[in-house]
Amino acid sequence: MSILVAEHIKKYYGEGETLVRALDDVSLSVERGEFVSIIGTSGSGKSTLLHMLGGLDNPTEGKIIIDDKDISKLKGDELCIFRRRKIGFIFQSFNLVPSISVYDNVILPLQLDGRKIDKEYIDNVIENLGISKKLNFLPPKLSGGQQQRVAIARALASKPAIILADEPTGNLDTKTSQDVLGLLKTTGHKFNQTIVMITHNDEIAQMADRTVRIEDGHIV
């Protein structure tokens with residue numbers, strides 16, 4: 001069963017001679033529990049596509065359905081609440097809050113949403129990611145690999161329908177990248193998470209269950 005469906009997505013900038021077709025009639029479906037990598041060179045449209053899938057930007061045309069909800073029709077607070085509850089984001093730059101502890105970073109999405117913390121689930125996620133001994137540390141005191149593990153834990157914390165990872169290993173060395181991706185894949189299977197990851201790295205992309213290539217705004 002598809003948990004994410006993008007239908008005929010177009011994203012255009014400018015008009016006339018300056019028209020840029022960042023995405024040009026892109027359709028994609030992802031099954032529940034699947035780990036899909038979207039690979040492409042810089043400027044291919046992969047980041048634009050991820051922003052559309054995550055509701056961070058609106059398509060010029062087309063619709064995006066996540067967990068049976070057409071997010072193309074959501075606006076303002078309704079979209080913010082949907083993203084917070086249904087989508088977990090993992091960014092290349094980690095995007096952790098430097099002034100609060102690792103544990104507080106992990107549970108931050110739940111606190112922002114006023115939701116009860118499932119301590120057993122959170123403890124399980126933290127243990128699986130190997131950061132149990134770092135919970136009281138501030139993020140700047142951690143290595144890049146450890147910070148990305150915290151970012152993965154934060155993305156998993158709210159039990160989202162789907163996790164979107166934007167070049168999650170872009171700031172990590174090769175060995176750490178493989179370790180982090182291996183953990184992401186393991187935790188994804190363990191907690192039945194659906195993962196969509198963009199990358200420009202073929203070797204990293206091959207760790208996913210399926211790879212989709214995008215070039216010049218088209219899936220090829």
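How many bridges pair E1 with strand E4 (residues 61–66), and in which sense, parallel or antiparallel? In this predicted model, E1 and E4 are joined over 5 bridges in the antiparallel sense.

## The four-stranded sheet

The pairing of E1 with E4 belongs to an open sheet of 4 strands, ordered E2-E1-E4-E5, with antiparallel pairing. Its edge strands are strand E2 (20–31) and strand E5 (69–70), each of which pairs on one side only. Strands of a sheet pair through backbone hydrogen bonds, in either a parallel or an antiparallel sense.

Strand E1 (residues 2–13) is linked to E2 by 9 bridges, and these two strands run antiparallel. Within this pairing, Ser2 faces Glu31 of E2 as its opposite residue. Towards E4, Glu7 stands opposite Lys63.

## The E4–E5 hairpin

E4 is joined to E5 by 2 bridges, again with the strands running antiparallel. Ile65 has Asp70 in E5 as its bridge partner. The two strands form a hairpin with 2 residues between them, and Asp67 in the turn has a positive phi of about 50°.

## Other positive phi values

Lys159 also has a positive phi, near 50°, although this residue is not glycine. Lys159 is placed in the loop between helix H5 (144–157) and E7. Its relative accessible area is 43%, so Lys159 is partly exposed.

Asp216 is a further residue other than glycine with a positive phi, near 50°. It is found in the loop between strand E9 (210–215) and strand E10 (218–219). Because its relative accessibility is 61%, Asp216 counts as exposed.

Rolling a probe the size of a water molecule over the atoms shows where empty space is left. Across the whole structure, the search finds 2 cavities of 30 Å³ or more. The largest cavity holds about 40 Å³ of space. Its lining consists of Met52, Gly55, Asp57, Asn58, Pro59, Ile64, Ile71, Ser72 and Leu79. By class, these lining residues comprise 5 nonpolar, 3 polar and 1 charged.

The second largest cavity has a volume of about 40 Å³. Leu50, His51, Leu56, Phe89, Ile90, Phe91, Leu164 and Asp166 form its lining. Two or more of these residues come from each of helix H1 (46–53), strand E6 (87–91) and strand E7 (162–166). E6 gives the largest share of this lining, with 3 residues. The lining of the second largest cavity divides into 6 nonpolar residues, 1 polar and 1 charged.

## Aromatic pairs

A pair of aromatic rings is described by the distance of the centres and the angle of the planes. The search of the whole structure finds 2 aromatic pairs. Phe89 and Phe91 have ring centres 5.8 Å apart and planes at 10°, so this pair is stacked. Phe89 counts as buried because its relative accessibility is 17%, whereas Phe91, at 23% relative accessibility, counts as partly exposed.

Tyr121 and Phe191 have ring centres 5.3 Å apart and planes at 80°, so this pair is edge-to-face. Tyr121 belongs to helix H4 (residues 119–128) and Phe191 to the loop between helix H6 (174–190) and strand E8 (194–199), so the pair ties together parts that are 70 residues apart in sequence. Both Tyr121 and Phe191 are buried.

## Lysine over aromatic rings

Which residue lies over the face of Phe191? Lys190 takes this position, at 5.8 Å from the ring centre. Phe191 is therefore in contact with two descriptions in this report: its ring forms the edge-to-face pair with Tyr121, and the face of the ring has Lys190 over it.

The charged end of another lysine, Lys134, sits over the ring of Phe137 at 4.8 Å from its centre.

Technical notes
Residues are numbered from 1 along each chain as its sequence is written. This is a predicted model: local features need pLDDT of at least 70, side-chain atom pairs count only at pLDDT 80 or more; totals for chains, interfaces and linings use all residues. Side-chain values use heavy atoms; hydrogens and water are left out. On a 1 Å grid over the protein atoms alone, a cavity is a set of points where a 1.4 Å probe fits but cannot get out, and a pocket is an open set with protein on both sides within 12 Å along at least five of seven lines; lining residues have an atom within 4 Å of a point. Grid points are joined across faces, edges and corners, and a volume is the space filled by probe spheres set on the points. Ala, Val, Leu, Ile, Met, Phe, Trp, Tyr, Cys and Pro count as nonpolar, Asp, Glu, Lys and Arg as charged, and the others, Gly among them, as polar. Two strands pair if DSSP finds at least two bridges between them. Rings of Phe, Tyr and Trp (its six-membered ring) pair if their centres lie within 6.5 Å; planes under 30 degrees apart count as stacked, over 60 as edge-to-face and the rest as tilted. Buried means under 20% relative accessible area, exposed over 50%, partly exposed in between (1.4 Å probe, protein chains only). A charge sits over a ring if NZ of Lys or CZ of Arg is within 6 Å of the ring centre and within 35 degrees of the ring normal.
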